[in-house]
Amino acid sequence: KPGEHKHSKEPSSLPCMHLAVVACGDRLEETLIMLKSAVLFSNRRLCFHIFAEDSLKPEFEKKLKEWPSSYTKKFEYNIYPITFSVGNAQEWKKLFKPCAAQRLFLPVILKDVDSLLYVDTDVLFLRPIDDIWHILKEFNSTQLAAMAPEHEIPKIGWYSRFARHPYYGTTGVNSGVMLMNLTRIRNTQFKNSMIPSGLTWEEMLYPLYQKYKNYITWGDQDLLNIIFYFNPECLYVFPCQWNYRPDHCMYGSNCKGAEEEGVSILHGNRGVYHDDKQPTFKALYEVIRDFPFEDNLFQSLYYPLQSKFLDTVHTLCGRIPQVFLKQIEKTMKKVYENRVIVYLGANHRY
């Protein structure tokens, strides 16, 4: 097994939902807050696959052990070293952000995992992972991965204006939230621009990088766009509320799904959790970070969030607080109702 550490609690009757993240450099806290949001809201047991530099491993273990047992029993985790199975490891490591290219190798490394949700460290779950996990059942016979569009409007999208390489669809896709059927990925021969016949995922990665490395800006995300440009039938595109970024509100609201249903997964890219450019995103990050695990969700998470949002109304994202609050409110109501039903049911027997 490539994992160096295993930590398990109370197996559940259902197989767990697999969540992978790659953490290097100063991304320890961000990763822990992402994992915390996953555990806070999810129903089924989770299996975390944390890929991290050696120096971060003891810190992850220490911090995760500090979480209360009522939460640690909801997940198990493995911590893996950063490894690249083909090509030059140093080249891969320097591609875009440190270690980000690791995600390209997940189908090769996690050979025993059938399906997986990969997320960037700067992602926050505002509803149960169970809900995005159900999308796997919506894949048709050729689809093996799901991502959201990079932009909703081609005329202001990055790929449609600047890309010097092939990309998926009209605006490209964003790889910060990527749902994958790893079994299908491992068993597929992918069409490509290098040879007439198909190549496996592992065979394709390094030649593809060599061919396009002088044209790519966003590293591994660009390589994924190139792969799905040549294999569009393999991709399921989910709506923008599953990967909601500042671009969806900073120029005016342009994610209809979030307006209707609320944000499901928040993606605070470009460091917005740590500066003052998008205070709405920062407020969500800080409230989840500071939430004491066993406190009341309404009192210690929802209300502080509402009051922090009052300070963000001068921004375009801050003018639509309901978009950010809708799913959290829905999730908390479900949690509350379940507890009341369980409590009443238990009392009813006596």
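## Domain arrangement

In this predicted model, the centres of domain 1 and domain 2, taken over C-alpha atoms, are separated by 23 Å. The domain assignment of the protein places domain 1 at residues 15-237 and domain 2 at residues 239-345, and the contact between them draws 33 residues from domain 1 and 33 residues from domain 2.

## Buried area

Between domain 1 and domain 2 an area of about 3200 Å² is buried, and carbon and sulfur atoms account for 63% of that area. On the side of domain 1, the residues that lose the most area to domain 2 are Leu124, Leu126 and Arg127, which together make up 23% of what that side buries.

## Polar and charged pairs

One salt bridge is counted between domain 1 and domain 2. A salt bridge joins the side chains of arginine 245 and glutamate 150, with an N to O distance of 3.9 Å; arginine 245 falls within the bounds 239-345 of domain 2, and glutamate 150 within the bounds 15-237 of domain 1. Across the interface of the two domains, 17 residue pairs are found in polar contact, with both residues of each pair at pLDDT 80 or more.

## The face of domain 1

Several elements give two or more residues to the side of domain 1 that touches domain 2: the helices are H1 (28-41), H3 (69-72) and H6 (129-133), and the strands are S6 (123-125), S7 (145-149) and S8 (173-181). Helix H1 provides the largest share of this side, with seven residues.

Sorted by class, the side of domain 1 that touches domain 2 holds 19 nonpolar residues, together with nine charged and five polar ones. Leu124, one of the residues that lose the most area to domain 2, lies within the range 123-125 of strand S6.

## Overall fold and dimensions

The protein as a whole contains 14 helices and 10 strands. Its radius of gyration is 20 Å, close to the 20 Å that the globule rule gives for 350 residues, and the protein is therefore as compact as a globular protein of that length. Taken along the principal axes, the box filled by the C-alpha atoms of the protein is roughly 70 × 50 × 40 Å.

Methods. Residues numbered from 1 in each chain as written. Heavy atoms only, no water. Domains from an automatic or database assignment. Contact = heavy atoms within 4.5 Å. Buried area = accessible area lost by both parts, 1.4 Å probe. Salt bridge = Lys/Arg side-chain N within 4 Å of Asp/Glu carboxyl O. Polar contact = N/O pair within 3.5 Å; in protein donor to acceptor, adjacent residues only side chain to side chain. Helix = DSSP H or I, 4+ residues; strand = E, 2+ residues; numbered from the N terminus. Nonpolar A, V, L, I, M, F, W, Y, C, P; charged D, E, K, R; others polar. Rg over C-alpha atoms; globule rule 2.2 N^0.38 Å.
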